[in-house]
Amino acid sequence: MLDGTARPVLWRRARVDFDPVRHRRVLLYPEGTILLNDTAAEILELCDGVRTVNDIADTLGARYATDVRADVVDYLSRLADRELVHDAGA
Amino acid sequence: MPEHRPTTLLAELTHRCPLHCPYCSNPVELVRSRAELSTEEWMRVLGEARALGVLQLGLSGGEPLVRRDLETLVAHARGLGLYSTLVTSALGLTRERAERLTEAGLDHIQISFQDAERESAERIAGTASWDAKHRAAAWVTELGLAFTVNVVLHRANLDHLERIIDMAAALGADRLELANTQYYGWAVENRDALMPTREQVERSEAIVDRAAARYQGRMRIIYVLPDYYSEFPKPCQGGWGAHYIVVAPDGRVLPCHAASQITTLAFDSVRDRSLEWIWEASPAFQAFRGDGWMRDPCRSCARRLVDFGGCRCQAFALTGDAANTDPVCTLSPQRRAIDALLDRSDAPSGEWVYRSMGRPAARAG
């Protein structure tokens with residue numbers, strides 16, 4: 001579980017790419033592929049190891065004019081459980 | 001638009017290999033080097049695979065490092081946007097070659113280890129290999145590649161499991177795959193010598209659970225259960241022809257790396273047909289796709305879309321008909337074939353035959 005002050009960053013050997021075959025962004029890592037929806041891709045784009053989870057939730061909340069904090073925390077925590085996202089501030 | 005898009009291609013670049021592991025899942029009749037696909041043919045296959053939807057590439061064998069065009073293929077894969085994994089023994093790797101592969105865009109390397117101490121590890125591999133593997137692990141972590149340690153588990157190394165796990169962590173692995181032997185290819189020849197005892201299997205699960213907690217956040221441990229001990233079969237590659245493509249060294253295209261043992265199917269080659277046609281229309285890929293081919297007990301089973309009836313190769317090997325339920329399933333009328341093998345597992349271990357080109361007479365144990 002990542003809290004609001006964590007500074008998430010994608011694991012160095014995972015990467016987000018655009019797949020022109022599926023017209024979707026994808027998260028690629030050893031032996032795994034996750035097809036990303038637009039929201040997930042936008043969350044991951046903001047994971048730079050500097051912004052906090054709260055910052056990311058504020059940015060996307062403003063973009064969509066709705067509170068997305070719970071979704072952002074939930075999504076990043078699930079990736080953290082799989083060790084695909086780390087807290088750069090830890 | 002195809003209904004199922006493949007995500008993963010396992011490219012078996014060669015069957016040549018400096019190791020002689022008795023659990024090898026390669027077929028007993030190995031492909032000779034003169035029959036291997038050329039660099040240009042492999043590059044075409046990678047491009048066709050990407051166009052079909054493949055995102056993950058496994059470069060495997062045999063030992064893929066014996067191919068001098070490996071760097072060329074890695075660079076081509078990176079250019080196509082594939083995430084590539086080198087599945088290797090590490091024999092033949094030099095510091096310079098590891099650098100060239102990294103520069104070419106290799107993402108991930110999986111190195112096989114046989115045991116936690118030299119004498120046993122080299123006896124299992126059938127050749128001196130300890131120093132080369134441990135040197136390679138140091139280069140790989142220095143270069144920053146994603147690094148998986150893979151250990152095939154069996155009767156001769158299961159008692160060292162805790163030390164194997166600690167060794168992988170000390171080597172700097174990001175991931176540790178502990179795969180109990182699956183009985184295909186050479187492993188079928190050696191089943192009596194490789195089958196763990198029930199006691200070994202029970203102990204190993206507890207050891208893995210404790211280690212997974214101990215190494216949480218540092219090293220991810222993936223434990224592949226010995227399926228003979230399971231109640232239900234494994235969902236082989238998410239279903240036949242659903243996500244996974246294997247191209248054998250000679251260009252034959254298979255739905256799983258063990259499928260060539262199903263002698264009732266004919267597998268088309270990328271030398272004769274496009275990968276797209278083989279994936280979408282070839283009789284071999286259609287044979288067990290979806291659930292229309294199933295008989296009872298699978299046809300009416302709530303788990304038919306969970307495990308897809310299990311492994312077709314295992315059904316063929318143990319029941320003689322690839323359309324039968326995987327006999328691992330306790331609902332299978334042929335489950336007694338598995339139970340008979342398990343009953344033998346507590347008997348003293350036999351000797352094994354080492355993998356080699358051509359069937360060897362030499363046995364060691």
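**Entry 1: the sheet of chain A**

In what order do the 3 strands of the open sheet in chain A stand? I found the order 2-3-4, with antiparallel pairing. This is a predicted model, in which local features need pLDDT of at least 70, side-chain atom pairs count only at pLDDT 80 or more, and totals for chains, interfaces and linings use all residues. Residues are numbered from 1 along each chain as its sequence is written, while chains are lettered from A and ligands numbered from 1 in the order in which they are written.

I noted my terms before going on. Helices (H or I, at least four residues) and strands (E, at least two) are DSSP runs, numbered from the N terminus. Two strands pair if DSSP finds at least two bridges between them.

Axes here are lines fitted to C-alpha atoms, for helices over the stretch in contact, and angles run from 0 to 180 degrees between N-to-C directions.

I then followed strand 2 of chain A to strand 3 (residues 24–29) of chain A. The two run antiparallel and are joined by 5 bridges. I picked out A:Phe18, whose bridge partner in strand 3 of chain A is A:Arg25.

Which strands does helix 1 (residues 38–45) of chain A lie across? I listed strand 2, strand 3 and strand 4 of chain A. Helix 1 of chain A runs at about 110° to strand 4 of chain A.

**Entry 2: confidence in chain A**

I checked pLDDT, the predictor's confidence in each residue, from 0 to 100. The mean for chain A is 94, and 100% of its residues reach 70 or more.

**Entry 3: a helix pair in chain A**

I turned to helix 2 (residues 53–64) and helix 3 (residues 69–81) of chain A. Their axes come within 9 Å and cross at roughly 130°. The two helices are therefore oblique to each other. My scale: angles under 35 degrees count as roughly parallel, over 145 as roughly antiparallel, 65 to 115 as roughly perpendicular and the rest as oblique.

Helix 2 of chain A passes helix 3 of chain A in a right-handed crossing. A crossing is left-handed if the near helix is turned anticlockwise from the far one by less than a right angle, and right-handed if clockwise.

Which residues meet between helix 2 and helix 3 of chain A? From helix 2 I wrote down A:Val53, A:Ile56, A:Ala57, A:Leu60 and A:Gly61; from helix 3, A:Arg69, A:Val72, A:Val73 and A:Leu76. Residues are in contact if their C-beta atoms, placed from the backbone, lie within 7 Å. By class, this contact has 7 nonpolar, 1 polar and 1 charged residues. Ala, Val, Leu, Ile, Met, Phe, Trp, Tyr, Cys and Pro count as nonpolar, Asp, Glu, Lys and Arg as charged, and the others, Gly among them, as polar.

I also stopped at A:Ala65, in the loop between helix 2 and helix 3 of chain A. A:Ala65 has a positive phi of about 55° although it is not a glycine.

**Entry 4: where the chains touch**

How many residues of chain A are in contact with chain B? I read 11 residues of chain A against 16 residues of chain B. Strand 2 and strand 3 of chain A are the elements that give two or more residues to the side of chain A that touches chain B. By class, that side has 4 nonpolar, 1 polar and 6 charged residues.

**Entry 5: chain B**

I found an open sheet of 9 strands in chain B, in the order 7-6-5-4-3-2-1-8-9, with mixed pairing. Strand 7 (220–224) and strand 9 (253–254) of chain B each have a single partner strand, so one side of each is left without a neighbour in the sheet. Strand 6 (residues 175–180) of chain B pairs with strand 7 of chain B in the parallel sense, over 5 bridges. There, B:Leu176 has B:Ile221 in strand 7 as its bridge partner.

Last, I looked up cis peptide bonds. One joins B:Gly61 and B:Gly62, with omega about 10°. B:Gly62 is found in the loop between strand 2 (56–60) and helix 2 (70–80) of chain B. Another joins B:Asp296 and B:Pro297, again with omega about 10°. B:Pro297 lies in the loop between helix 11 (283–286) and helix 12 (304–307) of chain B.

Terms used: Two residues are in contact if their C-beta atoms, placed from the backbone, lie within 7 Å.
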